[in-house]
Amino acid sequence: MSEGIACTWMRGGTSKGGFFLARDLPSDEKKRDELLLRIMGSPDSRQIDGMGGADPLTSKVAIVSKSARENIDVDYLFLQVFVDEARVTDAQGCGNMLAGVGGFAIEQKLVTPSNDTTPVRIYMINTNNAAVAQIKTPQGVVDYTGDATLDGVPGTAAPIPLSFSDIAGANCGALLPTGNAQDVIDGVATTLIDNGMPTVLLRATDFDITGYETREALDANDQLKEKLESIRLQAGPLMNLGDVSDKSVPKMTLLAPAINSGVIMTRTFIPHRCHATIGVFCAVSVATGCILEDSIAYPIATPSTGKNRQLTVEHPLGATPTIVELDNNGEIQSAGMLRTARKLFQGTVYP
C-alpha cells in the first residue's frame with residue numbers, strides 16, 4: 001500500500017501512539033493489523049522502519065469513529081502493537097490513550113465543542129464500557145496547554161478528568177473473577193482483580209525482591225520473570241480470559257508499602273516488560289484492591305476511609321492519582337482519573 005493514511009500522533013497520559021479515524025483503515029481486521037504493523041515498524045526491537053518508539057508504551061493505536069449509540073459521542077478501539085512480534089491485540093483497553101480521544105474527536109469534527117470545557121462521551125469498545133472526558137475548549141478550540149503535571153511526563157499540560165462507571169469486571173465478568181479475594185498459584189498468594197484492567201496483585205517480598213527496584217533491574221531478572229509468567233498463564237483461565245500465552249493481559253503487579261505519601265508502591269509487568277509507570281486502568285484495579293479487606297494489597301496499603309477515596313498509586317517514575325467512589329453499602333460505584341494529553345503531529349503516515 002503506497003498511498004499514505006491520515007493520522008494524528010498524540011501523547012496520552014504516559015503513552016503515545018497513532019490516532020486514526022476508523023473510516024481511513026481497512027475494515028478487514030487482518031489487513032488492518034498488517035497495515036499497523038508496517039506503520040509501527042514491527043516486528044523489530046528498534047522499530048527502526050516505522051513510527052513506533054521501541055517500547056510497548058509508544059507502540060499503541062487508537063481508532064475512533066462517530067458513535068450511533070445512545071448518549072455516546074464516539075466509539076474508541078485501542079490496539080496494542082507489539083514491538084518485536086508481528087502481533088496486534090485488542091485484548092485490553094488503555095486509559096492513557098483514552099486521554100487523547102476527546103481532543104482528537106473534537107479536532108476531527110466528530111464532536112462539536114461547547115463552552116470552555118467540552119464533555120466527550122466515549123464508548124470503549126475493548127471493555128464495553130463508557131467514559132466521559134472533559135476537554136478544555138476555549139473559543140471552541142482544543143487547548144492542550146495548562147498547569148497539570150503527570151509523573152513520567154515532562155512539563156505541564158491541560159488537565160483531562162476522566163470518569164468511568166460500571167467498569168468492575170469489564171474484562172473478566174466480575175471484580176473478583178474467581179469469587180475469592182485471594183487465590184494461591186504456584187504456592188504464591190495472589191489477588192485476581194478486574195476494575196477496568198485484569199490484574200494479578202502480588203507481594204514483592206514473595207519473590208525475594210523489595211518492590212523498589214528499578215525497571216531495568218527487574219527487566220534483567222530472568223528468574224523473576226519466569227515465575228511471574230508461570231503464575232500469569234495459570235491466572236488467565238481463572239480470570240475467564242482463557243489461554244493468555246499470546247495476550248497482553250492480565251498485568252502482573254508487585255506490591256510494596258508506599259514511600260511518598262501514596263497508598264501503595266507498584267512494579268507492573270505488561271506482561272513481559274516492567275512498566276515505566278502504571279497504566280490508568282491497572283492503577284484503578286490496584287487502588288480498588290487496596291480497599292478490599294481480604295486482598296493481598298489491603299495489609300500493605302496505607303489505610304483510607306470514606307465513600308469518595310483519593311488513592312495515589314506509586315510507580316517507578318512517581319505516582320498516579322485515582323478516585324474510587326463507594327455506594328452506601330461499601331460497593332464500588334465508579335472510578336476516576338486525571339490525565340493529560342498533547343497533539344504531537346497531524347498529517348500523513350506511509351506504511
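**Exercise 1.** List what S42 is in contact with, leaving aside its neighbours within four places in sequence.

*Solution.* Start with the model: it is predicted, local features need pLDDT of at least 70, side-chain atom pairs count only at pLDDT 80 or more, and totals for chains, interfaces and linings use all residues. Residues are numbered from 1 along each chain as its sequence is written, and side-chain values use heavy atoms, with hydrogens and water left out.

Step 1. Apply the cut-off: contact means heavy atoms within 4.5 Å.
Step 2. Read off the partners of S42: L37, Q47, S59, V81, F82, V83 and E85.
Step 3. Look at F82 again. Its backbone oxygen lies 2.6 Å from the side chain of S42.

**Exercise 2.** Is S42 buried or exposed?

*Solution.*
Step 1. Recall the limits: buried is under 20% relative accessible area, exposed over 50%, partly exposed in between (1.4 Å probe, protein chains only).
Step 2. S42 counts as buried because its relative accessibility is 10%.

**Exercise 3.** Find the residues that touch the most other members of the largest nonpolar core.

*Solution.*
Step 1. Define the core: buried Ala, Val, Leu, Ile, Met, Phe, Trp, Tyr and Cys residues joined through side-chain atoms within 4.5 Å.
Step 2. The largest such core holds 81 residues, and Y76, F164 and I264 touch the most other members.
Step 3. Apart from it lies another core, of 17 residues, including F20 and V88.

**Exercise 4.** What does I264 touch, not counting residues up to four places away in sequence?

*Solution.* The list for I264 runs L255, A256, A258, V286, C290, A297, I300, A301, T312, V313 and E314.

Technical notes: A polar contact is a pair of N or O atoms within 3.5 Å; within protein, one must be able to donate a hydrogen and the other to accept it, and residues adjacent in sequence count only if both atoms are side-chain atoms.
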